Amino acid sequence: MADLRVEIDALDRQLMTLLGQRARLIDRAAELKPAEGLPARTTDRVAQVLANARANAAEHGVDPDLAERIWHQLIEAAIAQEEDVMGPDKGRNA
């Protein structure tokens with residue numbers, strides 16, 4: 001069991017590395033969106049990301065409902081992050 005926990009902890013560190021990379025990409029998106037007239041929340045993109053999460057989950061043997069719940073939280077955090085970067089006037093739908 002101890003060896004398994006070491007592997008899980010290592011995987012958790014890798015996941016945090018990936019989440020950090022994702023957060024940096026979200027910051028970049030927040031820099032680009034105003035020039036394209038896009039708000040932080042784009043309904044079509046949210047639906048697309050959730051659909052991708054479900055498909056990727058099924059492909060990798062993960063419960064798609066669980067993946068969708070996790071990605072929903074990631075998306076909401078990303079939108080909040082973008083709104084912080086973009087400011088209150090540019091971050092929301094008009």
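The model is predicted, so local features need pLDDT of at least 70 and side-chain atom pairs count only at pLDDT 80 or more, while totals for chains, interfaces and linings use all residues. Residues are numbered from 1 along each chain as its sequence is written, and side-chain values use heavy atoms, with hydrogens and water left out.

Let's begin with the charged pairs. A search of the whole structure finds five salt bridges, each being a side-chain nitrogen of Lys or Arg within 4 Å of a carboxyl oxygen of Asp or Glu. One of them joins the side chains of Arg 28 and Glu 31, at 3.0 Å from N to O. Both residues sit in helix 1 (residues 2-32), three residues apart, or about one turn of the helix. Helices here are DSSP runs of H or I with at least four residues, numbered from the N terminus (strands would be runs of E with at least two). Arg 28 is partly exposed, with a relative accessible area of 43%; on this scale, buried means under 20%, exposed over 50%, and partly exposed in between, using a 1.4 Å probe and protein chains only.

Next, look at Lys 33 and Glu 82, whose side chains meet in a salt bridge of 2.7 Å, N to O. Lys 33 lies in the loop between helix 1 and helix 2 (43-59) and Glu 82 in helix 3 (residues 64-86), so this pair ties together parts that are 49 residues apart in sequence. Both Lys 33 and Glu 82 are buried, and for Lys 33 the relative accessible area is 15%.

Glu 76 and Arg 41 form another salt bridge, at 2.8 Å from N to O. This pair also links distant parts of the chain, with Glu 76 in helix 3 and Arg 41 in the loop between helix 1 and helix 2, 35 residues apart. Glu 76 is partly exposed at 28% relative accessible area, and Arg 41 is partly exposed at 31%.

Now for the surface. Val 62, Leu 66, Ile 70 and Trp 71 make a nonpolar patch of about 310 Å². Patches are made of residues with over 30% relative accessible area and no salt bridge, joining like charges within 9 Å and nonpolar side chains (Val, Leu, Ile, Met, Phe, Trp, Tyr) within 5 Å; the areas come from the Shrake-Rupley method with a 1.4 Å probe, and for residues only the protein chains shown count as cover. Val 62 belongs to the loop between helix 2 and helix 3 and is partly exposed, at 37%.

On a 1 Å grid over the protein atoms alone, a pocket is an open set of points where a 1.4 Å probe fits, with protein on both sides within 12 Å along at least five of seven lines, and lining residues have an atom within 4 Å of a point. Of the 29 lining residues, Arg 22, Val 49, Trp 71, Leu 74 and Ile 75 are the closest to the centre. Helix 3 gives the largest share of the lining, nine residues.
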